[in-house]
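Welcome! Here is a short briefing to read beside the sequence and the 3D view.

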Amino acid sequence: MEKSVTSVSCQVAVTTAEIRTYFGLLLEHIPVLASVVTPTGDVLFASRHHALLFDVSNNINELTEESELYPASARARLQQLQSTSAMECEWELTAKHKDGSTHLYKMRRTRIACHRLLPGYAGEPEIQASSDDVIYTVGVDITEDELAESVLRDHKSHLNFAIFHDPLTGLANRSLFYDRVNKSIARAKRTKSSLALMLLDLDRFKNVNDSLGHEAGDRYLKAVAQHLVDELRDTDTVARLGGDEFVVVLENVTCSESIEAIANKLLGCLQQPVVIQGHPISCTASIGISVFPHDGDSIDQLLKHADTAMYRAKAAGKNRAQFYVSAMSDSAVNYLLLENDLRRALEQNELRVFYQPQVDLNTGRITGLEALVRWQHKDRGLMSPVHFIPLAEETGLIEPLGAWVLEQACARFQHWLAAGIDLCKVAVNLSTRQFRQEGFEHTVAQVLRKTGLPAQCLELEITESSAMENAANTINMLNCLSDMGLSLAIDDFGTGYSSLAYLQRFPIQKLKIDRSFITNVDRDDQEAAIAKSIIDLAHNMSLEVIAEGVERASQCQWLGERGCDQVQGYFYSKPLSEEALMNLVSDSERVICDASGVRLLSQPLAKH
Ligand SMILES: Nc1nc2c(ncn2[C@@H]2O[C@H](COP(=O)(O)O[C@H]3[C@@H](O)[C@H](n4cnc5c(=O)[nH]c(N)nc54)O[C@@H]3COP(=O)(O)O)[C@@H](O)[C@H]2O)c(=O)[nH]1
């Protein structure tokens, strides 16, 4: 039967035969899986697109079973759908094409009563399935949409990660840390529990960067992050706030002992060496701890107080954990004021150098002077270096300060030499930071040139711990300095961890026994044993040995009998200002000046 229909848009009359042709073309080219089947699965129509599917015949017109329109992998699902009486359902079909590509189709299967498809039907929608029905299915390829969406999802999650994590270590960054800890504080408030915030700063991390480069430094920071994550529970928060500063938050803490135990566990694991570029590296850390609600009820307050405690841990010798106590805040303010003051002191010449004689035990002759800095503070009076050297080291001010002391001591000693006062040599203390300063040997050479002091009149003292820290670099620097003709001493010997293998490679002339082994050397067997061992060690290595902190004649006697070469201490003289030293040298009751040099007669302390 030919039937005339009218296209609404172009008002052109078309015949049913033409419609079939168009419909055939449409089925041929439409890029969708389209089919019409009976409830028993007989195919009435199927689009050509089905032929693209793997497992499906190219000759679509010959396919009679609905199952033949789909790959074998989809047939079980199809069977389920065929057995359902639902009028409409949606499903996803993942199917391989014959070209090997995998596609995702969004399928919609609708069951409809046949008579409703006939022209002129305007009845109620069918809600009951019947054998008279037909089922048409349309599947649209959504592979690209899905791909785009998953790229977008990935992109979003990467972006999310980048926004909230530290790119180097992958730990939470400051923003995420604030977010998490604010929630932890809210939880702790609700449950009336405590939480501990630990601020962890690596000690002397700069040395790793300076000696092995930033790449090694970055690798070390990553290893530290991993150590922290490994040691803590998943529920604890670990973040990197920047540089070598990390923060850890522990929830539901019950007592300070358990917090301390965790802090010590972290300190211990950080001491394990990490091998980077073939070098075993280990940095210690200083940890400041504040506890909610005791030390503050906001994250900023807790951080500030942990920071104060952390600085206190550094000042107390590093590699330790320190709880915040409220009295620290006052001294933290003092510390800050002192830092500004110290900068000013350097500019306004408030620093002074004092000199303490070193004496040959056999002859009583002065064999040298140790230069010791003091600060003539306008309000606090004459300040001991113990109150400002750690601060100067922390802030980097030690570099200009140390250079100033060196130049001052060399200039003054040269001045005395020129005036005919020969006190053999002047010893100057070097801090680790100063010693590790790039081109430090040039600074020393420049000072010697500028002041005219012969190199053999200068001795540089470097502490045992600083010499052994990165000993390979120490050897290079000590060789440079030794080549200039000056002498080198290891200070505070016995307090660090010396490697004898390194010690024998250092071009040094002297070991200085730390005061802690001299205090009771004449009364305590253990101290005596250590002091004696150091004296023997020095002599066996053909080094001179000097004992510091000698306050009594009995100590002198003990040391003299054990072969110690020199002593330094209040027994002979306290550190003296330039004027006081000159007075001592010209005091005929205390010194004898003859051809053998200046001999210092031991005097009771009360006289000074
Ligand atoms: N990097 C630099 N460090 C310096 C410099 N000047 C000093 N220092 C270091 O500061 C620390 C404290 O020094 P100071 O208060 O001067 O104490 C020295 C002596 O006064 C003290 N001493 C000497 N004899 C005795 C004694 O018989 N009893 C006693 N109780 N104390 C005594 O010992 C200090 C000398 O120590 P050392 O340097 O280890 O020989 C101190 O660590 C200084 O090194 C500086 O310019 N740069």
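Helices (H or I, at least four residues) and strands (E, at least two) are DSSP runs, numbered from the N terminus. This is a predicted model, where local features need pLDDT of at least 70, side-chain atom pairs count only at pLDDT 80 or more, and totals for chains, interfaces and linings use all residues. Residues are numbered from 1 along each chain as its sequence is written, and side-chain values use heavy atoms, with hydrogens and water left out.

- Ile19, Phe23, Leu26, Leu44 and Phe45 make a nonpolar surface patch of about 440 Å².
- Two or more residues of this patch come from each of α1 (16-29) and β4 (43-46).
- Helix α1 gives the largest share, three residues.
- Phe23 sits in helix α1 and is partly exposed, with a relative accessible area of 35% (partly exposed lies between buried, under 20%, and exposed, over 50%, with a 1.4 Å probe and protein chains only).
- Patch members have over 30% relative accessible area and no salt bridge; nonpolar side chains (Val, Leu, Ile, Met, Phe, Trp, Tyr) are joined within 5 Å, like charges within 9 Å.
- A salt bridge is a side-chain nitrogen of Lys or Arg within 4 Å of a carboxyl oxygen of Asp or Glu.

**Inside**

- A search of the whole structure turns up one cavity of 30 Å³ or more (on a 1 Å grid over the protein atoms alone, a set of points where a 1.4 Å probe fits but cannot get out; lining residues have an atom within 4 Å of a point).
- The largest cavity holds about 60 Å³ of space.
- Its lining includes Leu81, Met87, Arg109 and Ile135.
- Strands β5 (88-96) and β6 (102-113) each give two or more residues to that lining.

Methods. Areas by Shrake-Rupley, 256 points an atom, 1.4 Å probe, with all protein chains shown as cover. 1 Å grid on protein atoms, 1.4 Å probe; cavity = no way out; pocket = protein on both sides within 12 Å on 5 of 7 lines; lining within 4 Å. Points joined across faces, edges and corners; volume = space filled by probe spheres on them.
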